[in-house]
Amino acid sequence: MAAGLATFLFIAGAVTVAAEPVAAPPGYKMVWHDEFAGALHSAPDARFWNHETGANGWGNQELQNYVSDVEHAQIVADPDATDGKALQILASSEGPGKFTSARLQTFGKAMFQYGYFEARIRIPYGQGIWPAFWLLGADLFISKVGWPGCGEIDIMENIGKKDWWGKNEGSLHGPGYNAGGSLHAYSTLPEGKYFKDAYHTFAILWSRESVAFSVDGKVYETRTPADLPGKKWVFDHPFFFIVDVAVGGRYPGGPDATTTFPQRMLIDYVRVYQNRSGGADAPRTK
């Protein structure tokens with residue numbers, strides 16, 4: 001692969017103005033963040049992020065091999081980012097059916113229970129391109145309860161094909177409500193506006209009894225235990241972040257002749273805010 005491949009390039013075409021960063025809810029204070037402000041072309045901060053690697057399909061028959069090299073996950077210059085820098089996750093093609101990308105997670109380094117969680121992201125696109133910003137329950141590794149018993153919160157999920165360019169999916173997965181049966185909803189941009197063209201803020205406000213999903217500060221889905229009669233609400237323990245760009249899999253299907261490579265997800269920042277006033281929703285941080 002060419003040495004300059006991982007350097008950020010502007011995508012040709014119509015320019016869309018990025019949505020402005022969104023203020024946290026009143027009373028919430030920042031307790032953790034990564035602004036991806038390190039040296040250009042450096043790896044993401046190892047104090048916060050772990051690489052997950054391998055080409056095992058990841059439970060979804062995905063096609064990519066996740067690697068830990070700096071080419072596929074690095075800090076790049078981006079004038080549209082709030083501080084001029086962003087984390088770039090690159091998905092590349094090495095030949096027919098051979099794809100390489102990166103998957104980062106914060107288990108053991110940044111795990112939280114309750115709060116306002118947000119990331120400002122410009123997502124990639126194309127049939128078979130599957131970017132996501134999501135959370136998994138830490139007991140997946142601590143207690144080894146397995147998925148979906150650990151719980152999953154998908155804050156930003158997109159499957160790349162053209163009718164998804166202006167659509168984001170937010171969802172909750174748990175025992176008896178997962179995969180195609182998850183609690184999910186969609187946020188859509190105005191006609192002709194696409195998530196691939198500009199940054200947008202994807203967030204949740206998570207408390208003891210609810211998870212509210214928003215894009216650019218507009219709530220489009222709120223879920224509570226009342227949505228799960230007879231099923232267990234598993235969103236009552238610490239979770240950790242995952243950011244990745246998958247390729248192929250049962251949900252999006254594989255890339256086709258319309259899919260171009262490389263594809264880039266740009267993350268301006270990831271931030272966590274919590275309400276420190278106490279009470280039933282007093283946060284836990286590990």
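# Briefing: pocket, cores and backbone of a predicted model

Phe-36 is found in the loop that runs between β1 and β2 (50-52). Strands such as these (E, at least two residues) and helices (H or I, at least four) are DSSP runs, numbered from the N terminus. The model is a predicted one, in which local features need pLDDT of at least 70 and side-chain atom pairs count only at pLDDT 80 or more, while totals for chains, interfaces and linings use all residues. Residues are numbered from 1 along each chain as its sequence is written, and side-chain values use heavy atoms, with hydrogens and water left out.

**Backbone: positive phi and cis bonds**

- Most residues other than glycine have a negative phi, and most peptide bonds are trans.
- Phe-36 has a positive phi, near 55°, and is not a glycine.
- Phe-36 has a relative accessible area of 2%, so Phe-36 is buried. Buried means under 20% relative accessible area, exposed means over 50%, and partly exposed lies in between (1.4 Å probe, protein chains only).
- Gln-61, also not a glycine, has a positive phi of about 60°. Gln-61 lies in the loop between β2 and β3 (64-66), and counts as exposed because its relative accessibility is 56%.
- Trp-147 and Pro-148 are joined by a cis peptide bond with omega of about 10°. Pro-148 is in the loop between α1 and β11.
- Another cis peptide bond, with omega of about 0°, joins Phe-261 and Pro-262. Pro-262 is in the loop between β17 and β18 (263-275).

**The largest pocket**

- Rolling a probe the size of a water molecule over the atoms shows where empty space is left.
- A pocket is found on a 1 Å grid over the protein atoms alone, as an open set of points where a 1.4 Å probe fits, with protein on both sides within 12 Å along at least five of seven lines; lining residues have an atom within 4 Å of a point.
- The largest pocket holds about 730 Å³ of space. Grid points are joined across faces, edges and corners, and the volume is the space filled by probe spheres set on the points.
- The lining has 31 residues, and Trp-58, Asn-60, Trp-130, Trp-147 and Glu-152 lie nearest the centre of the pocket.
- Elements that each supply at least two lining residues include β7 (103-105), β10 (129-137), α1 (139-142) and β17 (239-247).
- By type, the lining has 14 nonpolar, eight polar and nine charged residues. Here Ala, Val, Leu, Ile, Met, Phe, Trp, Tyr, Cys and Pro count as nonpolar, Asp, Glu, Lys and Arg as charged, and the others, Gly among them, as polar.

**Nonpolar cores**

- In soluble globular proteins, nonpolar side chains tend to be buried together.
- A nonpolar core is a set of buried Ala, Val, Leu, Ile, Met, Phe, Trp, Tyr and Cys residues joined through side-chain atoms within 4.5 Å.
- The largest core has 49 residues, and Ile-153 and Phe-241 touch the most other members. β17 gives the most to this core, five residues.
- A second, separate core has nine residues, among them Ala-132, Ala-138, Phe-240 and Ile-242.

**Aromatic rings**

- There are 26 aromatic pairs in the structure. Rings of Phe, Tyr and Trp (its six-membered ring) pair if their centres lie within 6.5 Å; planes under 30 degrees apart count as stacked, over 60 as edge-to-face and the rest as tilted.
- The pair of Phe-213 and Tyr-220 is tilted, because the ring planes are at 50°, with the centres 6.3 Å apart. Phe-213 is buried, at a relative accessible area of 0%.
- Lys-196 has its charged end over the ring of Trp-165, 4.8 Å from the ring centre. A charge sits over a ring if NZ of Lys or CZ of Arg is within 6 Å of the ring centre and within 35 degrees of the ring normal.
- Arg-271 lies over the face of Tyr-269, 3.5 Å from the ring centre.

**Positions apart in sequence**

- Trp-206, in strand β14 (residues 200-207), is buried at 1% relative accessible area.
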